[in-house]
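Open the model in your viewer and keep the selection tool at hand. The tour goes stop by stop.

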Amino acid sequence: MNKKTKDLVLAIICIFFGIYVTAEGLNICKVASVKPYNVAKFSLSPGFLPTVLGVLLIVFSLLLVFFSFREEGKKLGEVAKERKEDIVEGVKRTSKDPDTYRMIIGMVIMAVFSFFLVGLRIGGFKFPFYLSGGIFMFVLLMYLGAVKWWQALIITVVTMLLITVLFQYGFRAVLP
């Protein structure tokens, strides 16, 4: 993919992310405007900054889309066709790359940790952070083939011990 096609793809992703951030910022403003907070002014609301940043992200991403279609001596239709062909070729090339699948599986492992393991309750037992974090770290190290199983176990135990001690005694904060 050439630079302008990469700019286009990134700009489109950032537009969607900007819409999400703006919507969430407005939602925060809405929640903060009712009891018990009663923040009446938009500029004082905790959702003000995310809303402004989301709008700015959308505006600058739209500018990037505009500049990604500008090329000297070419019509807009020609440039759009080139960008589309470049994106299709990039998707084909990426889908054949085995590293893409490794990355996707790694992201799935992280999603399972983030959305399921942290705070998981089975019966009356709530998984503590060090257990869910340890499972995540061990599985990820084993999947990546970074170390042998016993090294992964040692790294996991030491890391979880250090994180737990640091947060409980250093920061005096409770982990989820």
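A residue counts as buried when its relative accessible area is under 20%. Keep that cut-off in mind for the stops below. One caution before you start: this is a predicted model.

**Stop 1: Ser45**

Select Ser45. You are in the loop between α1 and α2. Is Ser45 buried or exposed? Its relative accessibility is 7%, so Ser45 counts as buried. Now show what surrounds Ser45. Setting aside residues up to four places away in sequence, Ser45 touches Ile28, Cys29, Ala32 and Val39.

**Stop 2: helices α1 and α3**

Select residues 3-32 for helix α1, then residues 76-95 for helix α3. Turn the view until you can see both axes. The two helices pack at an angle of about 80°. Their axes are 10 Å apart. An angle of 65 to 115 degrees counts as roughly perpendicular, and α1 and α3 are therefore roughly perpendicular to each other.

Which residues meet here? On the α1 side, pick Lys4, Thr5, Leu8 and Val9. On the α3 side, pick Arg83, Asp86 and Ile87. Colour this contact by class: three residues are nonpolar, one is polar and three are charged.

**Stop 3**

Asp7 is buried, at 18%.

How many salt bridges does the whole structure hold? A search finds five. The next two stops show others.

**Stop 4: Arg83 and Glu71**

Arg83 sits in helix α3, while Glu71 is in the loop between α2 (48-68) and α3, so the pair ties together parts that are 12 residues apart in sequence. Check the surface next. Arg83 has a relative accessible area of 1% and is buried. Glu71, with 25%, is partly exposed.

Now widen the selection to Lys74 and Glu82. Together with Glu71 and Arg83, Lys74 and Glu82 are linked in a network of salt bridges.

**Stop 5**

Select Arg93 and Glu89, both in helix α3. They are four residues apart, about one turn of the helix. A salt bridge joins their side chains, with N to O at 3.8 Å. Arg93 counts as partly exposed, at 45% relative accessibility. Glu89 is partly exposed as well, with 41%.

**Stop 6: Thr156**

Jump to helix α6, residues 149-170, and select Thr156. At 7% relative accessibility, Thr156 counts as buried. What does its side chain reach? Look for the backbone oxygen of Ala152, at 2.7 Å. Then show the other contacts of Thr156. Leaving out neighbours within four places in sequence, Thr156 is in contact with Gly134, Met137, Phe138 and Leu141.

**Looking back**

Clear the selection and bring up two residues together: Ser45 and Thr156. Ser45 lies in the loop between α1 and α2, and Thr156 lies in helix α6. Ser45 counts as buried at 7% relative accessibility. Thr156 counts as buried at 7% too.

Terms used. Residues are numbered from 1 along each chain as its sequence is written. This is a predicted model: local features need pLDDT of at least 70, side-chain atom pairs count only at pLDDT 80 or more; totals for chains, interfaces and linings use all residues. Side-chain values use heavy atoms; hydrogens and water are left out. Axes are lines fitted to C-alpha atoms, for helices over the stretch in contact, and angles run from 0 to 180 degrees between N-to-C directions. Angles under 35 degrees count as roughly parallel, over 145 as roughly antiparallel, 65 to 115 as roughly perpendicular and the rest as oblique. Contact means heavy atoms within 4.5 Å. Ala, Val, Leu, Ile, Met, Phe, Trp, Tyr, Cys and Pro count as nonpolar, Asp, Glu, Lys and Arg as charged, and the others, Gly among them, as polar. A salt bridge is a side-chain nitrogen of Lys or Arg within 4 Å of a carboxyl oxygen of Asp or Glu. Buried means under 20% relative accessible area, exposed over 50%, partly exposed in between (1.4 Å probe, protein chains only). A polar contact is a pair of N or O atoms within 3.5 Å; within protein, one must be able to donate a hydrogen and the other to accept it, and residues adjacent in sequence count only if both atoms are side-chain atoms.
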